[in-house]
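Please look at the structure below with the sequence at hand.

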Amino acid sequence: MPSATVPTPEFIAGLPKCELHLHLEGTLEPDLKLALAKRNGIELDQKTVAEVRATYEFDDLASFLAVYYPAMEVLRTEQDFYDLAMAYLRRAAADGVRHVEMFFDPQAHTTRGVPFADVVQGYHRATVDARDELGISSALILCFLRDHTAESAAETLESAAPFKDLIVGVGLDSDERDNPPLKFADTFARARELGLKLTMHCDIDQVGSIEHIRQVIEEIGVDRIDHGTNIVEDPRLVEIVRERGLGLTSCPVSNSFVTDDMKADEIVALLRAGVKIMINSDDPAYFGAYVAGNYVALAEKAGLSVADVVQLARNSFEASWLSDEDKAGYLAEIDAYVAANV
Ligand code: ADE
Ligand code: ZN
């Protein structure tokens, strides 16, 4: 049992949580990468888990992405996408995750000749089986690659339209430099017309971070912001997200890889300001920590109390795109857990 103030790793692992910033392609563990390469007859330069892991080496967003996209070549069939998502969902369930809204990058696959339908149907089949077998609920967010053209994003959205019931929203990821949110304003407006929720990455310490955060709030009208912690530099924008209850999906361990700082002070400042900020793993196979590991790392670094981590978990459900009824059910699970364990 944790003391009144210090959350133990066991307390954090058991705490019901929601994950809102998770790239399915970022859950490709070295052992699965080797197994998929073998199944698909792909000759990799690396033969062991240690050799694959040694290639997972980077120190900023661009160098991370340069490793990340080529690694996806092993994903070829509907079954591959299913297996990747099921492996993640098993780990997430064991980490106390009750609901997850997961990004996927179709252009990283369709540009290699993989049909869009195979990607989305493989991932969707995993969400169905995970609910039945693991009791974890999950939804898919289609991310556009912002370093591709606006036309490519528009075409990707049209190919997704027949499958729109399989996805809950759209997002924007990949390299932010010279690729501002407004480049995709038309596609996001069309996604809104299709009834989809909107979110966009505003990565950490980018050129133009604050202007990009302003654009997603004031021009695109997103329903959530991915990362976005640079907002602390602009009290006016902080007040808007606080007032609107817009979620900020922060990823402390990822931050410490793509910058040299977990951004713990910024995350805590936003939490204290009443912003709906919560903790996520981003690309856990690459950054070495799933969601509970991210809570533990931040709690240690920032000296968080039990009440702080419980607030972060509450924020995770409140910022989700679940129905109000489902949110209330999960928040009641948190209350029961706290009553039994604190
Ligand atoms: N793709 C996967 N992870 C990402 C991140 N943190 N930022 C931008 N694109 C990504
Ligand atoms: Zn991300």
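Apart from residues up to four places away in sequence, Ile217 touches Ile225, Ile231, Leu237, Ile240, Val241, Arg244 and Leu246; contact here means heavy atoms within 4.5 Å. This is a predicted model, in which local features need pLDDT of at least 70 and side-chain atom pairs count only at pLDDT 80 or more, while totals for chains, interfaces and linings use all residues. Residues are numbered from 1 along each chain as its sequence is written, chains are lettered from A and ligands numbered from 1 in the order in which they are written, and side-chain values use heavy atoms, with hydrogens and water left out.

Ile217 is, with Phe104 and Tyr286, among the residues with the most contacts inside the largest nonpolar core, which has 116 residues. Such a core is a set of buried Ala, Val, Leu, Ile, Met, Phe, Trp, Tyr and Cys residues joined through side-chain atoms within 4.5 Å. Helix α5 (residues 78-94) supplies the largest share of this core, eight residues. Helices (H or I, at least four residues) and strands (E, at least two) are DSSP runs, numbered from the N terminus.

Thr229 sits in the loop between β6 (224-227) and α11 (235-244). Is Thr229 buried or exposed? Thr229 is buried, with a relative accessible area of 2%; buried means under 20%, exposed over 50% and partly exposed in between (1.4 Å probe, protein chains only). Beyond its neighbours within four places in sequence, Thr229 is in contact with Ile204, Ser250, Glu266, Ile267, Leu270 and Ile277.

The strands form an open sheet of eight, in the order β1-β2-β3-β4-β5-β6-β7-β8, with parallel pairing; two strands pair if DSSP finds at least two bridges between them. Its edge strands, β1 (17-19) and β8 (276-279), each pair on one side only. Within the sheet, β2 (residues 97-104) runs parallel to β3 (residues 137-145) and is joined to β3 by six bridges. Met102 has Leu140 as its bridge partner in β3.

The zinc ion (ligand 2) is coordinated by His21 (NE2), His23 (NE2), His201 (NE2) and Asp282 (OD), at 2.0 to 2.4 Å. Donors are N, O and S atoms within 2.8 Å of the metal (3.2 Å for Na, K and Ca); water is not among the atoms, so sites may look incomplete. Why does the pair His21 and His201 tie together parts that are 180 residues apart in sequence? His21 lies in the loop between β1 and α2 (30-39), whereas His201 is in strand β5 (residues 197-202), so the pair links those parts. Both His21 and His201 are buried.
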